[in-house]
Amino acid sequence: MDLDLTPEQELVRDTVREFARDRVAPVAEELDRESRFPYELVRELGELGLMGLPIPEEYGGAGGDTVSYALAIEELTRIDSSVAITVAAHTSLGTMPIFLFGSEEQKRKWLPELASGTKLAAFGLTEAGAGSDAGATRTTAELRDGNWVVDGSKMFITNAGTDISGCVTITARTGEDEISNLIVSNGTAGYEISAPLKKLGWKASDTRELSFRDCAVPEGNLLGPRGQGFHQFLEILDGGRISVAAMGVGLAQGAYDLAFAYAQEREQFGKKISRFQAVQFRLADLATEIEAGRALTLRAAWLKDRGRPFAREAAMAKLYTGELSNRAANWSLQIHGGYGYMDEYAISRLYRDQKILEIGEGTNEVQRMVIAKHLGL
Amino acid sequence: MKIAVCVKHVPDAAVTKRIDPGTKRLDRSGEGSLNPVDANAVEEALRIRDATGDGAEGEVVLVSLGPEKAIDSLRKALAMGADRVLLVSDPDAAGSDLVATSSLLAKALEREGADLVLFGQQASDSDGAVLWAAVAERLRLPLISQVAELTLEGGAVTGKRQTEFGYDVIRAPLPAVVAVADSINEPRYPSLKGIMGAKRKQQDVLSLADLEIEAERAGASGSRTEVLALSDPPPRGETRKLEDDGTGAEKIVEFLAEKRLV
């Protein structure tokens, strides 16, 4: 058993930690307040190779492993969730389907721009009435004169509507009981993108509703064999859960960091509040649970890197760290007292950013369904 | 153009520093990292290499003295873009003082014969800020220190030195030794590709024997200084406490004027 990171993994973690502290932290509050997409940071992240971390070098990525990727996402979330989800959704949900299921031609066409971060990719699975219950998908695609003609709409889609969004991979019904994945380029006639949706948190990330009306997509944009869409997106979500679990660890760690620092500044009843056991015990519990959550997440990533089954561990990590991040944000804000409720204290932003980690890419309840299934129930 | 950059693996800034009372040496067992201002020296070397355009011939070599785990810090500089590493590591070299260290580094640098030798102005652990001078002396090379701006032209290096009283502009023929200040540039982050590629770069670890240095000339036996005792700084003398009754600012100005500081 070896629980050490490799020197490369450590250097990835330290580099992203420094980047998040020096480049992201100073602007996070402003980006959140103005609900402004972090174009400049995405450009810098692209230059560092963080927009295509797990994509092989031959397609323009950095050729990193899943453990490095999880560490990078954790470090970004520790400082700001909006920036982290922009990277995570682009990588795990937007770029991965093309890398995993695309033909060589599709990979050559799309991946270099996506992996370098000059273009962003989105994944369109969720609809107004369908998400984890993908069987309820109502968007359709019909093959007519060499084109897939798409009709329908998608909901809560990340990264689809920025100035640099390049494409969205959508699930669509291509027949009775048949779902397929299609790549739709931004700018395709009949593909409309709504104004940014207004959200509780993740305010600097791009979230849209998409609609398709007689939207003709070239036949060659079908991803993998026709009718494989269901299996494909399940596989995408399995991998995506590792990145959302890493976000849970990062958010919990960030909330802990803020509470740890504040408890040593704030004085009440003549002493630092960190001297009170009520505060110490909460921080001790959090530090312990964060270690557990990180171990669970990195193990799921490690299994994936070894080509072993990881879906059960990824769902467990996603469930555990989602709920952990809730406790961490809640306790951290409680330790901050009234100041924590004020916008100028970062914990208020982390508190708002946290909730979605128990909903996105499968709610806590859906994770339990997935885990129960793996347990043979 | 061959540039050697002397770098040091120091205890990480986040680690509380502790002196081992037995050896009277800094406890270096915790997390370490690349000395911060050395990253500026590496950055400057990379900029010079990449600007001189002779890409194929240009080379940035990292030279360091330290324990084997110093490779972890050197890896960051490799990931930033340096070409290779020469680490002098030997149990007999542990505890080398400034004089012994300068002699080991000079030996290693002689092997390299670089056109330009860069140092960070000082290390965050010992804060000596004189090693570069000792090394330049041993190599019989000209030296410019505290450099905030550096230009190379016509076989010479020109350094704008930051001093308490303004700037000195000094020119020296190559080869030369230059110690840079942290104001000289903003070090780049290692790119992910750089990180993945670092392990494929040449990393030579040399012992004292490889450098043909006798063990007596290194470590404690090769040092001219000996730490006899360590103590905390004496407590501050008389202090004055001002209570702000609305005239706080005036009182501070009065105090500074009294000390002739304003």
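Biologist: Before we start, how are residues numbered and chains lettered?

Modeller: Residues count from 1 along each chain as its sequence is written, while chains are lettered from A and ligands numbered from 1 in the order in which they are written. As this is a predicted model, local features need pLDDT of at least 70 and side-chain atom pairs count only at pLDDT 80 or more, though totals for chains, interfaces and linings use all residues, and side-chain values use heavy atoms, leaving out hydrogens and water.

Biologist: OK, how many helices and strands are in chain A?

Modeller: Chain A has 10 helices and 10 strands; these are DSSP runs, numbered from the N terminus, with helices being H or I of at least four residues and strands E of at least two.

Biologist: And how much of chain A is buried?

Modeller: Buried residues are 54% of its 377. Buried means under 20% relative accessible area, exposed over 50%, and partly exposed in between, using a 1.4 Å probe and protein chains only.

Biologist: New topic: what is phi of F269(A)?

Modeller: It's near 50 degrees, a positive value in a residue other than glycine. F269(A) sits in the loop between β9 (267-268) and β10 (271-272) of chain A.

Biologist: Is F269(A) buried or exposed?

Modeller: Exposed, at a relative accessible area of 78%.

Biologist: Over in chain B, which peptide bond is cis?

Modeller: The one from L174(B) to P175(B), with omega near -5 degrees. P175(B) is in the loop between β11 (166-173) and β12 (176-180) of chain B.
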